[in-house]
Amino acid sequence: MALPVHLILPWILLFDIWFLATAGSVAVQATDHGVLKVDTPEVNVILGQNATVPAELHTNDTTLAATVSFEFQTWNIVANISDLDLVGPVASFFIPLVPVNPGETVLLLHSSDTDLDVRNAFIRITVSKAEWLNVVSDVVGWLYFVAWSASFYPQIFQNWKRQSVVGLNFDFLALNIMGFVFYGVFNVALYYITPIQNEYFARHPTGINPVQLNDVIFSLHAVVCCLITMGQCLIYERGHQTVSKTCGLIMAAIGLAIVVSLCLSLSHVMLWLDFLYVCSYAKLGITLIKYVPQAFMNYRRKSTHGWSIGNILLDFTGGTLSICQMLILAYNNDDWGSIFGDPTKFGLGFFSILFDVFFMLQHYVFYRNAVPHEPLASEDEEPAANGNDDQTFEDDDREQGRPPPYQNFSN
């Protein structure tokens with residue numbers, strides 16, 4: 001069976017983005033007069049420990065003499081730095097960093113010679129209270145990366161073991177696939193396509209690429225796992241389950257927004273970077289709603305049978321560790337604004353954890369060891385009559401290898 005169009009289209013779009021953005025880009029060249037740049041644009045300094053950062057001046061003008069001044073975007077994080085006098089054609093020097101208070105700031109280098117290219121003459125500085133907290137933060141980061149990556153496998157294994165996907169909501173799966181495809185497009189494009197990176201840095205001159213290699217690996221791995229699960233839905237027992245009309249309309253609306261944004265980018269009304277932001281917003285919106293169909297289906301069936309609690313436990317572990325890392329960094333860098341100043345990221349993580357808790361309550365408290373009370377049917381079908389409930393119990397017993405509670409020998 002051919003893959004659905006909504007799964008193939010985003011990857012075709014990703015190639016188109018790369019081709020068109022590359023073809024329409026103009027290489028940014030350094031000025032002939034010279035370049036002032038910092039070798040390490042991002043530095044972490046421990047409070048009480050001084051540091052130095054190497055920087056260089058390159059110019060073709062052998063008579064160039066310039067004065068370099070230093071400006072902090074946030075003061076009282078690092079001690080002020082005195083101006084430096086440099087003489088071309090090549091001058092290497094070290095920038096002394098003396099931390100004063102924990103926090104984050106950006107150091108900008110300015111030249112008295114305005115012809116010098118200073119676009120890469122900046123340092124993002126983080127002053128931390130303790131190095132061991134940074135180590136703990138790194139360990140926690142890898143732990144939640146592993147937990148989230150592994151969270152896809154319990155459902156895949158359970159489907160394989162049962163040779164059935166009855167109990168897994170198809171709306172949840174469809175939304176999950178679409179969300180991770182858009183997330184993958186965003187990460188791959190911003191990490192690999194240079195013209196889009198140039199658009200990002202033109203908008204954020206002192207910024208750092210927010211997408212790292214582990215983000216790319218996670219999103220692509222998530223797409224592959226979701227596609228494997230979708231393949232299981234095609235070959236294993238699935239009852240009468242289909243993607244609901246409501247979910248189809250939601251996905252169509254999201255797809256329409258993506259297509260409109262793509263057309264605007266193709267017509268140069270919107271930057272490709274903004275198109276990627278639309279993809280990321282679509283992913284965030286899907287994250288807010290994707291758990292609802294599964295939770296509601298569990299409620300209707302009065303059972304979580306067929307829905308793996310393992311993926312929920314791992315997702316809960318990853319989400320909790322992610323928030324713990326945010327709290328550790330906020331304390332260590334005295335940067336609580338990174339949490340409360342960006343409520344979207346924190347709120348989405350907390351929202352996912354709340355759903356995980358609700359699923360755990362359904363599995364371990366509300367419907368513990370419960371047999372489904374309602375057969376799975378498509379959205380357009382009427383709920384089964386009481387006589388069919390008996391058949392549901394019987395089918396579920398056979399699925400688990402138990403004899404049915406009775407056998408009707410009438411007729």
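Modeller: What follows begins with the strands, then turns to charged pairs, helices and a surface patch.

Happy to. This is a predicted model, so local features need pLDDT of at least 70 and side-chain atom pairs count only at pLDDT 80 or more, while totals for chains, interfaces and linings use all residues. Residues are numbered from 1 along each chain as its sequence is written, and side-chain values use heavy atoms, with hydrogens and water left out.

My part is the strands. Strands (E, at least two residues) and helices (H or I, at least four) are DSSP runs numbered from the N terminus, and two strands pair if DSSP finds at least two bridges between them. Strands of a sheet pair through backbone hydrogen bonds, either parallel or antiparallel.

Start with the open sheet of three strands, which has the order E1-E3-E6 and antiparallel pairing. Strand E1 (34-38) and strand E6 (90-97) stand at its edges with a single partner strand each, so one side of each has no neighbour in the sheet. Direction ignored, neighbouring strands here are turned by 20 degrees against each other on average; the axes behind that angle are lines fitted to C-alpha atoms (for helices over the stretch in contact), and angles run from 0 to 180 degrees between N-to-C directions.

Now follow the bridges. On to E6: strand E3 (residues 51-59) runs antiparallel to E6, with eight bridges between them. Two pairs to find there are His58 with Val90 in E6 and Glu56 with Ser92 in E6.

Another open sheet has five strands in the order E2-E8-E7-E4-E5, and its pairing is mixed. Strand E2 (42-46) and strand E5 (84-87) are the edge strands, pairing on one side only. Its neighbouring strands are turned by 30 degrees against each other on average, again with direction ignored. For a parallel example, look at E2 and strand E8 (residues 122-128), which pair over five bridges; there Ile46 has Ser128 in E8 as its bridge partner.

Next, the charges. Side chains of opposite charge can pair when their charged atoms come close. The structure holds two salt bridges, a salt bridge being a side-chain nitrogen of Lys or Arg within 4 Å of a carboxyl oxygen of Asp or Glu. One joins Arg119 to Asp117, with 2.8 Å between the closest N and O atoms. To describe exposure I use relative accessible area: under 20% is buried, over 50% is exposed, and in between is partly exposed (1.4 Å probe, protein chains only). On that scale Arg119 is partly exposed at 44%, whereas Asp117 is buried at 9%.

The salt bridge between Asp274 and Arg203 also has its closest N and O atoms 2.8 Å apart. Asp274 sits in helix H8 (residues 272-289) and Arg203 in helix H5 (residues 194-203), so this pair ties together parts that are 71 residues apart in sequence. Asp274 is partly exposed at 22% relative accessibility, and Arg203 is partly exposed at 36%.

H8 itself has 18 residues and reaches 26 Å from first C-alpha to last, close to the expected 26 Å; the expected span is 1.5 Å times one less than the number of residues. Its buried residues include Trp272, Phe275, Tyr277, Cys279, Lys283 and Ile286.

Finally, the surface. Leu313, Val357, Phe358, Leu361, Tyr364, Val365 and Phe366 form a nonpolar patch there, with about 570 Å² of accessible area together. Patch residues have over 30% relative accessible area and no salt bridge, with like charges joined within 9 Å and nonpolar side chains (Val, Leu, Ile, Met, Phe, Trp, Tyr) within 5 Å. The areas come from the Shrake-Rupley method with a 1.4 Å probe, and for residues only the protein chains shown count as cover. Helix H12 (residues 343-366) supplies the largest share of the patch, six residues. Val357 is in H12 and is partly exposed, at 33%. Val357 and Ile312 are 45 residues apart in sequence and 8.5 Å apart in space, C-alpha to C-alpha.
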